[in-house]
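I opened the notebook to look up a few things in a structure that is new to me. The entries follow in the order in which I made them.

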Amino acid sequence: MEVMKRILFVMSIFILISFTLAFETNQEQEVRQLTSTRSRFSAWTNPRAPATCDVFPRLCRVKGSQWPDCCKKRCVNVMADNLNCGWCGRRCRYGEGCCKGECVSLMYDKNHCGSCNSRCKKGTYCNYGMCSYA
């Protein structure tokens, strides 16, 4: 009798584990659907072809994606990317940085001295990316 209980317990654990492994979560299904590279004109799938956001625009907004915007087949953050500042293709000049979607001079702007949102104290100025540099 004791042996039968153990066998039944082991079988129930096995069934529970197999069910949890068999079903995908909604997020896994969405990522798989977004990254599938099946062409509607051909029946084959190329598993090595990278999924790009120009074909799948929601790819950048999937939970866990590092950047929310799509520019030239890459996920980027237009609020902080120097090559796509504010919108796709807008580049900041040399010595400038992208802060909140605007190109600003990190060398001489007292509100963004050396890095974004690094303000100099009142009465000081920003020179070469440092406040009150002599």
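**Surface and confidence**

I looked up the surface first: the accessible surface of the chain comes to about 11,000 Å², and 58% of it belongs to carbon and sulfur atoms. Accessible areas come from the Shrake-Rupley method with a 1.4 Å probe, and for residues only the protein chains shown count as cover.

I noted that this is a predicted model, in which local features need pLDDT of at least 70, side-chain atom pairs count only at pLDDT 80 or more, and totals for chains, interfaces and linings use all residues. Residues are numbered from 1 along each chain as its sequence is written, and side-chain values use heavy atoms, with hydrogens and water left out.

I checked pLDDT, the predictor's confidence in each residue, from 0 to 100. The chain averages 76, and 72% of the residues score at least 70. Where pLDDT is low, the predicted coordinates should not be read in detail.

**Elements**

I counted 2 helices and 6 strands in the chain. Helices (H or I, at least four residues) and strands (E, at least two) are DSSP runs, numbered from the N terminus. From that end on, the order is α-α-β-β-β-β-β-β.

I looked up burial (buried: under 20% relative accessible area; exposed: over 50%; partly exposed: in between; 1.4 Å probe, protein chains only). Of the 134 residues in the chain, 20% are buried.

**Strands 3 and 4**

I found strand 3 (residues 96-99) and strand 4 (residues 102-105) paired in the antiparallel sense over 4 bridges. Two strands pair if DSSP finds at least two bridges between them. The hairpin of these strands has 2 residues between them, and Lys-100 takes a positive phi near 55° there.

**Salt bridge**

How many salt bridges does the structure hold? I found 1, where the term means a side-chain nitrogen of Lys or Arg within 4 Å of a carboxyl oxygen of Asp or Glu. The side chains of Arg-93 and Glu-96 meet in a salt bridge at 3.9 Å, N to O. Arg-93 counts as exposed, at 65% relative accessibility.

**Nonpolar patch**

I listed Met-107, Tyr-108, Tyr-128, Met-130 and Tyr-133 as a nonpolar surface patch with about 530 Å² of accessible area together. Patches are made of residues with over 30% relative accessible area and no salt bridge; like charges are joined within 9 Å, nonpolar side chains (Val, Leu, Ile, Met, Phe, Trp, Tyr) within 5 Å. Tyr-108 lies in the loop between strand 4 and strand 5 (126-127). With a relative accessible area of 48%, Tyr-108 is partly exposed.
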